[in-house]
Amino acid sequence: MPLGLPPSIPQKRTMVVPPLRLRLMLALVASNLGLGVCGWSSGALGQDRSVPGPRFFAVVEDLYRGDYRDAERGMSGEVRGGIRIGRTQWVDSICSRAMLGEVYYQLGDPQRALAEFDAACELFLSYPNWLIAVRFTDPRPDGNPNRRIAPWGQSTRGPQYATYADTMLVQQGEFITEQQLQRGGALQTPQMWRVNAIEVIRCTALAIRRRNDILGPLGRSDRMSKSLVDALARGDNTQRNHWSTAWTELLLGIAQHGIGESQQALAHLMRGTLIDGRFEHPLTGAALLAQATIALESGNAGAAANLATEASYAAFAYEDLDVLGASIDLGHVAFMAAGNEGVYPPLAIAAAWANRERLDHLSASFLINEAEELAAAGQTNAAASRLNNISSRRRELSVGRLGPRRRRVEGLIAYMNGNLANGDQAAAEAIAQARPQSLRNFRIALANRRVDSGQLSSRIAVDMYATLLRDPTANDWAQQPLETLTNVATSHEPALARWMVAALGREEILTAIDIADRTKRRRFWLAQPVGGRLLAIRHLLEADPNRLPPDAAVERRNLLLRIPEYTELVKQAAEIERELAAEPLTDDSRRVPQQRYVNLKRLANNAKQRETLVRQLVLRRDATDMLLPPPITASEVQPRLQQGQAVVVFHRSGGSMFAFVLTREAYHHWRLPDAAPLAEKVAEMLQAMGHFGPTRTFDAKDLASDAWQPAAKQFGDMLFGESRLDLASTTELIVVPDGILWHVPFNALEPTTGGNQQPIIDRTPLRCVPTVGYAAPDSIALQPVRTTIVAAATGAGADEYLPTQAATELAEVTAGAAVIANPVSAASPLLAGLAQQVVVLSDSELKPSGAYEFAPLPLDRSGGRGALSGWLELPVPGCERLVLGGVRTVAENGLRTRGRGRSTNTAAAGDELFHVSCSLLASGAKTVLISRWRTGGKVHRELLREFVLELPNMPADDAWRRSVALARRTDVDPAQEPRINAFDEADSVATADHPFLWAGYLLVDTGSDPAADE
């Protein structure tokens, strides 16, 4: 049967029955001489040759010696050989296919590995009953059992070892009898082959097990996995009531585990552990390993470690190098997951044994495991020594799956030694090497292909993606730390997009909102070091344990047990901060006194020590919930919304744009134009408001014009027309923008929904959040403002755009104002951490590609220290109110930027505001007001002043709405507006109602209500 077709009954080589005389002659020839197959005569093969042959076992040894490329070439040659029935391979080729798959697996190529394991399993499904034709030799008790005892320990199971024949005769086909000749029909010529039946079964078990490893949860819906269970569950795979049923029970147990039937599998695996309930056999180790795997998956790490150790003893007894290596690796994982201290006992001795036997692949794996355990215990010199003991004979050991494992442990050693630069480099390289090898990443890509081909229905796809794209669990970190790090540090937008389509196809709207939110959270993680793991650990350690979810509070305690010095450093930092808070930040001359710098330097040194300790946790196996941005589902947000609040979620998925609305009682979704045409519409709307560049100026006629309103109406209806929202009865609109929509001045839009065409700001307060998790009203009370940093304009030409009275005006209405106009020697995030409120008047630019180079508080004397990335490092500022009034984005150019001397559209713009918003909220901010274009005059100053004045008294969006309402009624004074031309005498006095003057501000806020806090 050609490979790749669905499994069916075994094919047979057939011939048409000829006339009687010829039939008798053929019968005589067939019975006395036998017929050759592919040049091998049955008699010669049965007496002189066996399959698989010596060359096969030599190539297997190449693999475990670490000669991967030689093993690949050699096993590829074995695949081309073997027995053929017609043009179809027979069961002996299961061995070469499975072992070639294992070579690819160890080389880190899951796609080619799966193809070979599939081929091996297809061969088994073509001949599921081949064991019936085996002429078995019964096992005999081993007269010298001591030779089977592993150097690293002895089984507590009291094993009784037996010896088994290396090869057994197998008959394929039937001899022609007179009765068959009389019946006529198709006949198969008989063959007797000498086969290493144990090796065929071992390789079958390997192929099924590795398919389980590669497919993971995909196995539950995999056709071949189900066919394997069906073929083995029939119970007719070997001779009835024969001891070989232990082997088919083993295969059935492994196959059932692959489709998620773990409890049913255990019963079969236990029956497959012994022959006749008493003798160990060459596949006992495989049965115990499968049981250990199930125990570990169920969270019973202690039982898993014991079973894995027993599996290693059984594998050594029968020289099963595959199971031996996998058992000790699994035992190491279970040992660490169980929280044991020290080193998993078999490792050192097993590594020494493998080294003596020149099995460098196994030796390297065991040494890497031992080095990790020593490094985790703080014995970094011993850990480095173990890595140095890895054989230098095999350069290829760094090519396959062992390479990134080793690099991760090297990173752990560097972090434990306080060498952050080397640790960061090793961690990044380990993830980069592991990314193409990652089984979880491969499963996601395979799921995409199966969804596209129709193999996975939308129902199955929704559930499957929920598993494949889940947030990391405690078991993920404990059992597969590198896989987990690699997964969160890899973009999976194509899979998330397919998941979204599947959920919407099933009208699962709340699920779709959660998918949109998970996509945004993953985008943020992807921009963070080590896929957000470092950020998550910092957050857990610095958070108030009383405000953490119960599981996260436990994780925090466990992390602090790993680094007990951290608690004392936190106490020291708190004392330094108290000293800094006891005195005003600036002196009478509005300069930061030297003593403040001394204490800030102490605080920076303290933070550096804490960062060093945090890095020690990054590459360990300790569980860490990813709580930033908050992982709150739509169904959890709904009951927390007040009557009249509405959350509108915009989401870019591939090239498509989706929109959702969520209220306390209902939810709804609709489609928007695709991302590219939508970006063009945003650009048209901004240009209609006059945005053609930072130097473009307005005159009285421009300010009085309503030419921008048709675009505001049209675009407002494009976004909200199908929302079913009644903005007249909406008490608060909470918008989650995405992509280019971050540059939309939502407050100035005039959608017709709700029965009128007023700007949204006239109808309801509006705030933006980067993810749904921030949409629900914040229940944590705001800190009272004791210190406000006002960062005045600095540098040449600053007075032209931001008159010096702006700082003075703001200082008059803010508590504990410290006006700083000169660069400071301390890092600006440190400085921000001393204030509860920061108002930035300094001019800065936020570029689409430079979110993390952007400096929110541009006061640093040394470039780079105040970049956004620094706001996520320790000590996290925790400044709750940030008013960034001097920021310019591509919105001021109408979304056009310069590229190679000509203007080009910037359709990808918007992500920079998403990352700035997420990062500042992660740094402890509750309210962030950020400008998108520069106005720089009196209206700008009054907007900021009124906003800051009312922030202590009302929610931020109410304060901003009031501020805008006041500003729009004021007269424009061209003398105080750098971007307004002087009016002619004939011009009437213009008000600040034009959106250019007030709509360029983005309010990101978590919904805290100071009145409710009181």
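What percentage of the 1014 residues of the protein chain count as buried? In this predicted model, 59% of the residues fall into that class, where buried denotes under 20% relative accessible area, exposed over 50%, and partly exposed in between (1.4 Å probe, protein chains only). Because the model is predicted, local features require pLDDT of at least 70 and side-chain atom pairs count only at pLDDT 80 or more, whereas totals for chains, interfaces and linings use all residues. Residues are numbered from 1 along each chain as its sequence is written, and side-chain values use heavy atoms, with hydrogens and water left out.

The protein chain contains 41 helices and 22 strands, assigned as DSSP runs numbered from the N terminus (helices: H or I, at least four residues; strands: E, at least two). Along the principal axes, its C-alpha atoms fill a box of roughly 125 × 65 × 50 Å. Of the contacts (heavy atoms within 4.5 Å) with a separation of 6 or more, 75% are made by residues 24 or more positions apart. The accessible surface amounts to about 39700 Å², and carbon and sulfur atoms contribute 48% of this area, as computed by the Shrake-Rupley method with a 1.4 Å probe, with only the protein chains shown counting as cover for residues. The chain carries 107 positive and 113 negative side chains, the centres of the two sets being 7 Å apart. In this count Lys and Arg are positive and Asp and Glu negative, while His and the chain ends are not counted; each charge is placed at NZ of Lys, CZ of Arg, CG of Asp or CD of Glu.

Zero disulfides (pairs of cysteine sulfur atoms within 2.5 Å) were found in a search of the whole structure. For cysteine 768, the closest cysteine sulfur is that of cysteine 918, at 12 Å, which is too far for a bond. Cysteine 918 is likewise in no disulfide. Both residues count as buried, cysteine 768 at 2% relative accessibility and cysteine 918 at 1%.

Two helical positions were examined individually. Glutamine 479 belongs to helix α22, which spans residues 474-479. Its side chain reaches the backbone oxygen of leucine 296 at 3.1 Å. With residues up to four places away in sequence not counted, glutamine 479 touches Leu296, Val333 and Arg621. Alanine 676 is located in helix α31 (residues 675-688) and counts as partly exposed, because its relative accessibility is 47%. Alanine 676 and aspartate 738 are separated by 62 residues in sequence and by 13 Å in space, C-alpha to C-alpha.

Key:
A polar contact is a pair of N or O atoms within 3.5 Å; within protein, one must be able to donate a hydrogen and the other to accept it, and residues adjacent in sequence count only if both atoms are side-chain atoms.
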